[in-house]
Amino acid sequence: MVYNRLIQRTKISGITKYKMPFAKTHIHSPALSEEQISSKKLKTENLLSKNTDLYYGKTPLSVSDYPALKFEIYAKCSTTKARASLMHLPHHTAQTPMFMPVGTLGTMKGLTTRQLQDLDCHVILGNTYHLGSKPGQEIIEKAGGLHNFMNWPRGLLTDSGGFQMVSLLKLANITEEGVEFENPYDGQKMLLTPEESIGLQNTIGADIIMQLDDVVSSLISGPRVEEAMHRSIRWLDRCTKAHKNPTTQNLFPIVQGGLDVNLRKISAEEIIKRDFSGYAIGGLSGGEAKDQFWRMVNISTDILEETKPRYCMGVG
């Protein structure tokens with residue numbers, strides 16, 4: 001038996017209050033009859049479709065349609081850039097805005113994939129660098145991709161491994177070719193190039209894959225930030241050429257430029273010259289002041305096409 005904290009919401013005198021009781025979840029259930037199984041399945045299907053039911057029969061304000069992603073916007077905030085939308089992916093239709101929990105090695109610690117579905121999780125993140133190290137590309141390929149490996153029927157997004165240039169900086173050497181890591185598990189050298197990153201992500205099979213970008217800490221400034229921004233654009237073009245599954249996987253480019261307004265603008269403007277189904281804003285949420293963070297996000301979204309999904313990285 002596992003105890004999970006679930007949020008309960010109650011209204012008292014018009015005020016919404018939240019409490020966190022313990023809810024019992026049985027992992028090993030007794031044998032069920034076919035009638036009980038059908039009843040449970042029906043209840044689950046009704047639960048899982050509750051978010052998308054809101055939009056059925058309604059006409060979207062705009063539609064962006066690509067082979068592996070259809071993005072429908074149904075409402076916009078009149079004072080901010082917030083949008084309510086549906087994002088149709090190969091494995092799942094997700095309602096945005098949404099939070100994507102991180103399952104670095106293909107698992108959410110302490111939760112089964114069945115429980116994640118019951119919590120109505122739409123998309124889980126996996127990490128290309130760590131998955132490539134353990135369990136490794138060969139095992140994931142034999143399993144038929146990460147969806148099968150982790151028994152997850154919904155959406156997946158994989159990071160490219162670029163963030164490890166910051167988190168594992170002492171173990172990394174960055175050049176124009178790529179980034180050479182020292183494997184934290186066995187000490188062996190691993191060269192992660194844009195082509196290698198995309199190859200790994202093609203094997204993993206996530207619905208959304210990220211370009212390999214040159215990531216620097218948001219707390220530094222100067223020539224290194226400019227170098228990383230321009231290199232990320234060059235690596236984006238290499239990632240695009242290496243991408244083998246454009247009809248089943250979406251490659252998202254990443255806006256970089258640190259806290260420099262001009263570099264952010266250049267990065268976003270270069271990215272929209274290329275045709276992608278969605279975008280990501282990276283290199284933030286690394287210790288900078290909140291007003292600086294929001295300013296960079298605002299500058300980026302001013303330029304990126306509003307009819308497409310935008311992924312703000314690392315804010316969880």
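## Salt bridges

The structure contains 18 salt bridges (a side-chain nitrogen of Lys or Arg within 4 Å of a carboxyl oxygen of Asp or Glu). This is a predicted model, in which local features need pLDDT of at least 70 and side-chain atom pairs count only at pLDDT 80 or more, while totals for chains, interfaces and linings use all residues. Residues are numbered from 1 along each chain as its sequence is written, and side-chain values use heavy atoms, with hydrogens and water left out.

Aspartate 120 pairs with arginine 154, their closest N and O atoms lying 3.2 Å apart. This pair links distant parts of the chain, 34 residues apart: aspartate 120 is in the loop between helix H3 (113-118) and strand S9 (123-127), and arginine 154 is in the loop between helix H5 (146-150) and strand S10 (155-159) (helices are DSSP runs of H or I, at least four residues, and strands of E, at least two, numbered from the N terminus). Aspartate 120 counts as buried at 9% relative accessibility, and arginine 154 is buried at 4% (buried is under 20% relative accessible area, exposed over 50%, partly exposed in between, with a 1.4 Å probe and protein chains only).

## A pair within helix H4

Glutamate 138 forms a salt bridge with lysine 142, with 3.4 Å between the closest N and O atoms. Both residues lie in helix H4, 4 residues apart, about one turn of the helix. Glutamate 138 and lysine 142 are both exposed.

## A salt-bridge network

Glu176, Asp214, Arg224, Glu227, Arg231 and Arg234 are joined in a network of salt bridges.
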